[in-house]
Amino acid sequence: MEALSGLIVLFAQPQLLLLVGLGTFAGIYIGAIPGLSVTMAVSILISFTFSWDVLPAIALMIGIYMGGVYGGSRTAILLNIPGAPSAIATALDGYPMAKRGEAGVAIGVTTVMSFIGGFVGIAVLALAAPLVSDFALSFQPRDYMLLAILGILLVGSLSQGSLTKGIFAGALGIAIGSVGRDPLTFAERFTFDFQILEGGISFIAVMIGMFGVSEALIQMHHVDKRAMRQKIDRVVPSLATVRKHLPLSLQTSTIGVIVGALPGTGGDIAALMAYDHAKRVTRNPEPPFGEGAMEGLVAPETANNAAVGGAFIPMMTLGIPGDAVTAIMIGALFIHGLNPGPMLMIDKPDMFWFIVGCLVAANVFMLIFGLTGIRLFARIVEMPRGVLIPLILLLSIVGAYAVNNSIADVYWMLGFGVLGYFMRHYGYPLGPVILGVILSRLLDDNWRRAIISERGDLGLFFAGILSSPLSLALFASVILIFVSQTPLWTRAKARLFPNAQRNP
Amino acid sequence: MKRMLAGALALALTATAAVAEYPEKEIQGIIQWGAGGSTDTVMRSVTPHAEKVLGGVIVLQNMTGAVGAIALNYVAGQPADGYTLLMGAENPMLYKVMGLGDKDYGEFIPISILARGTAVLVARPDTPFDDYAEMISYVKAHPGEVKFGSTGPGGVPSVINAMIGAVEGELEVTRVPYDGDGPALTALQGGAIDVMPAVLGAAIEPIRAGKMKVLAIMDSQPNAKLPDAPYVTQFNAGYETYLPWGPFFGVFVRKGTPDEAVRKLTEAYAKGAQHPDFVKLMNDRGFTLMGISGKEAEDFLAKWQQGTAWLLHDAGLTKASPEEFGIARPGN
Amino acid sequence: MERIDPEHHDGTSDATPGGEPDRRRPGELGFAAFLLLTSLFLLVSAWGIENPFGPNGLSSPRALPVATTATMAVAATIILARTARLPRDASETFARDILPARALLFVGLLAGYALLLRPVGFLPTSAIFLAVAIRYLERRSWGWTLAVSLGALLAIWLVFRIVFTVLMPAGIVPEAEIIQFFRALAKGAVG
């Protein structure tokens with residue numbers, strides 16, 4: 001009954017629905033521009049919607065959130081520049097498709113898959129929120145640490161070519177992530193007594209530099225070549241295509257919901273983990289991963305949109321943010337006189353169902369806008385490169401500055417852009433660098449918490465892992481994945497199963 | 001047409017020049033903490049009301065890093081013309097002793113100390129102790145077993161921990177560090193830690209829902225939000241020396257800012273903070289409204305700094321003695 | 001698995017590498033040496049991180065930086081050794097295939113931008129940057145170049161400065177006063 005009243009409010013008031021639609025539309029563009037982030041947009045909206053009622057404000061924010069997470073894939077596919085960190089994995093296979101002129105297909109699949117992922121996330125939120133939030137809360141520091149290690153092992157699947165270079169890049173990323181004052185003790189790390197380094201290096205700045213600036217510089221080699229004409233007549237993927245990828249998309253959506261629901265991890269990690277999962281379970285994709293495999297789009301895009309619903313789970317059930325955007329939304333609810341917390345669902349169940357309704361509407365709008373507005377985006381890529389490249393550079397600069405209103409971030413962004421340029425030329429993968437930066441704090445803080453919790457005793461630490469089913473499962477996956485990536489295993493497998501088909 | 005435009009332009013220019021009084025352009029408000037945090041929420045909810053009184057635009061920006069020192073140094077480096085405001089919490093008063101920087105609010109004029117928070121000691125519902133006294137005796141009987149949440153040195157939990165140490169003697173507990181109240185309270189609900197000194201506002205909703213229990217309110221009187229909860233001086237009068245104590249939020253401008261700007265801003269924030277919406281928000285989150293400025297605010301800051309800096313110093317949590325910066329021991 | 005662009009091995013295929021697996025590209029050895037030196041420098045720096053409030057044990061702020069920079073150093077050593085053993089790719093030169101004049105010029109332009117941004121301000125610096133870059137790459141008339149670059153700059157400025165209130169360094173342009181003027185004008189028009 002309450003469910004109905006919350007949902008009815010939304011659908012009975014066209015202006016609320018309109019705001020969700022408007023938000024979703026704006027979100028797609030905000031997400032697509034590297035440097036304009038959903039987090040930024042939502043925090044601006046707090047001031048903007050200050051005098052509004054709470055419902056329209058939330059409707060607009062949810063639209064932007066859903067649209068923004070999806071929009072990051074656009075530039076990843078068309079320009080090889082992920083618009084948001086959660087679209088990094090999308091570039092790996094999306095851009096090769098665009099290079100073949102298949103951007104339309106890529107965007108179509110991405111849109112439908114984002115819709116499916118978003119829907120799974122919402123369904124879990126609506127049906128099993130308390131269950132999932134209990135599960136997410138049960139993660140102890142050592143579990144977060146194991147999760148981070150699991151994430152670090154993705155270096156293996158993100159490093160095509162030399163694994164050693166991938167490991168170097170991943171370690172570099174972790175080191176970049178630890179620059180600045182350590183938040184737990186305020187010890188200075190890699191600051192060399194420079195004040196500007198104390199705040200650390202924003203990982204968005206690293207991402208924009210490594211992907212945006214280095215891509216623009218690489219394009220200098222090709223300025224004279226004409227841009228690829230994109231086929232955009234057949235955008236909506238066939239039912240057979242969708243059905244073929246449905247099993248994978250459900251698996252990766254599950255990854256997305258859970259990682260999204262964990263406080264402290266979000267769509268970016270979810271997307272990378274999903275990509276890795278797809279690589280593991282897909283046998284002989286055609287074309288292979290890294291060259292435009294459809295599965296390489298399905299996995300990250302379902303996962304990052306599923307993570308949206310996931311992020312709302314701890315927020316709605318406990319008042320605990322699932323990621324940066326939901327943290328700001330909690331602030332917005334406070335400002336509008338609500339008290340988000342464990343009592344919200346009991347005191348104001350209609351609010352919960354209103355948010356679920358907004359998410360559903362935003363998801364549908366995303367599908368509609370996603371499949372219709374492609375022509376304009378494709379035009380962007382067909383712009384003369386001599387105009388496009390300087391514009392990308394300028395947007396990268398403004399975007400890096402906007403993250404924290406810091407000129408230091410602009411310098412870092414440019415520096416990492418040049419470094420990334422050389423790394424690409426010499427065969428060092430860039431994905432692991434970003435992965436390292438994203439996971440650095442998760443790994444560092446939780447490793448230290450886990451050890452401190454056991455009073456510095458490594459024996460107790462391992463005993464703790466063995467005593468908890470969750471830790472044990474995570475630990476086993478870490479071992480399994482680690483072993484399967486070492487050359488020893490490949491050799492052993494070849495000897496044990498001489499007839500087994502080689503899995504690339 | 002062209003002439004008309006030019007005329008309008010000239011008219012408008014002379015009009016603005018003639019009126020030329022503060023504020024004649026938009027004002028930057030630099031928030032020391034990230035979007036979604038409590039400082040951010042407080043500032044974003046009071047500023048629109050202040051804007052109306054002021055008749056100007058205040059553009060809010062978050063500038064995070066180094067416990068807010070980056071933002072403080074940025075504002076200190078801008079001209080003292082009243083067009084850059086610093087919006088922060090209590091942390092800068094400890095920068096000097098924590099070795100985080102050589103500037104604090106001493107370089108600024110307090111426009112308004114908006115509100116003060118109250119700390120509360122909470123625990124997981126299934127811990128074997130139900131109030132402060134039981135916790136102390138349990139900790140003494142089981143040294144090292146109880147896990148206390150803490151945050152970086154200088155944060156609210158570290159000050160409360162130092163206070164407990166000063167009154168009860170050093171407790172043998174395991175302190176697990178988190179990077180803020182929020183993550184630590186999440187960990188408390190997940191069972192990673194047992195006890196956490198937190199700001200009332202951050203804990204009030206989970207307390208209401210029974211997700212955590214109050215061991216003691218760190219105050220010398222009962223709290224209106226939790227009238228039945230015990231307060232710490234009921235257990236040990238030794239806390240009277242240090243209480244009331246709490247984090248606070250304030251708006252500041254650089255010293256040397258023209259008096260007219262200071263006066264107008266002070267008036268704007270004083271009136272803005274009385275808006276019913278803001279009062280309700282502060283009340284819901286368990287903050288005590290203060291709305292003080294000028295000399296009163298400066299005295300408050302000085303007293304706060306004395307007490308807290310020495311408390312931390314005596315607990316061995318500082319890098320430099322408060323004496324080096326001319327911060328006298330309280331009572332002297 | 002390496003996917004190589006036949007013309008230039010430049011890694012445009014994706015975010016992953018564009019190097020050659022069995023040859024050493026011009027400058028690659030120097031780059032590997034640079035990375036090793038950086039890793040060693042960072043390792044030394046990591047070792048110097050002190051825990052201000054406790055021992056430098058497993059749970060100290062030093063632990064992870066030391067582990068990760070040591071990993072970097074080991075990986076960089078292996079890479080350097082492997083790179084040194086590879087035969088040089090004689091068909092390529094540094095100036096043509098790695099850092100052609102055009103790319104170098106842009107690196108220089110960006111460095112200039114970074115230097116000018118704070119003193120001169122966002123609008124003039126960006127206008128010059130866009131105009132020079134577009135003129136250089138497209139070689140069209142100055143009128144066209146200026147129209148495109150100023151139009152694009154205005155759009156970016158409106159989105160970031162007005163909609164998203166990102167305050168880029170104003171430098172020599174009295175941005176706030178200009179905005180206030182338009183605000184007063186709008187208010188005047190309404191009132």
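Mentor: Contact means heavy atoms within 4.5 Å. By that rule, 13 residues of chain C are in contact with 16 residues of chain B. The model is predicted, so local features need pLDDT of at least 70 and side-chain atom pairs count only at pLDDT 80 or more, whereas totals for chains, interfaces and linings use all residues. Residues are numbered from 1 along each chain as its sequence is written, chains are lettered from A and ligands numbered from 1 in the order in which they are written, and side-chain values use heavy atoms, with hydrogens and water left out.

Trainee: What area do chain C and chain B bury between them?

Mentor: Buried area is the accessible area (1.4 Å probe) that two parts lose on being put together, summed over both. For chain C and chain B this is about 1,200 Å², with 68% of it on carbon and sulfur atoms. On the chain C side, C:Phe53, C:Leu167 and C:Phe181 lose the most area to chain B, together 45% of what that side buries.

Trainee: How many residues does the contact take from chain C and from chain A?

Mentor: The contact takes 85 residues from chain C and 84 residues from chain A. The area buried between chain C and chain A is about 7,200 Å², of which carbon and sulfur atoms give 74%. Across this interface the rule finds one salt bridge, and the side chains of C:Glu28 and A:Lys165 meet in a salt bridge at 3.2 Å, N to O. The rule also finds 13 residue pairs in polar contact between chain C and chain A, both at pLDDT 80 or more. A polar contact is a pair of N or O atoms within 3.5 Å; within protein, one must be able to donate a hydrogen and the other to accept it, and residues adjacent in sequence count only if both atoms are side-chain atoms. By class, the side of chain C that touches chain A has 54 nonpolar, 18 polar and 13 charged residues.

Trainee: Why is A:Arg449 called buried?

Mentor: Buried means under 20% relative accessible area, exposed over 50%, and partly exposed in between (1.4 Å probe, protein chains only). A:Arg449 has a relative accessible area of 6%, and is therefore buried. Its salt-bridge partner is A:Asp445, the closest N and O atoms being 3.9 Å apart. A:Asp445 is likewise buried, at 3%. Both residues lie in helix α21 (residues 431-453) of chain A, four residues apart, about one turn of the helix.

Trainee: Are B:Asp126 and B:Arg124 buried or exposed?

Mentor: B:Asp126, at 57% relative accessibility, counts as exposed, while B:Arg124, at 17%, is buried. Their side chains meet in a salt bridge of 2.9 Å, N to O.

Trainee: Which class does B:Tyr74 fall into?

Mentor: At 25% relative accessibility, B:Tyr74 counts as partly exposed. B:Tyr74 is placed in helix α3 (residues 69-76) of chain B. Leaving aside neighbours within four places in sequence, B:Tyr74 is in contact with B:Gln28, B:Ile30, B:Met63 and B:Thr84.

Trainee: Which residues touch the most other members of the largest nonpolar core?

Mentor: A nonpolar core is a set of buried Ala, Val, Leu, Ile, Met, Phe, Trp, Tyr and Cys residues joined through side-chain atoms within 4.5 Å. Of the 303 residues in the largest one, A:Met210, A:Phe312 and B:Met135 touch the most other members. Helix α4 (residues 54-79) of chain A gives the most to this core, with 14 residues.

Notes
Helices (H or I, at least four residues) and strands (E, at least two) are DSSP runs, numbered from the N terminus. A salt bridge is a side-chain nitrogen of Lys or Arg within 4 Å of a carboxyl oxygen of Asp or Glu. Ala, Val, Leu, Ile, Met, Phe, Trp, Tyr, Cys and Pro count as nonpolar, Asp, Glu, Lys and Arg as charged, and the others, Gly among them, as polar.
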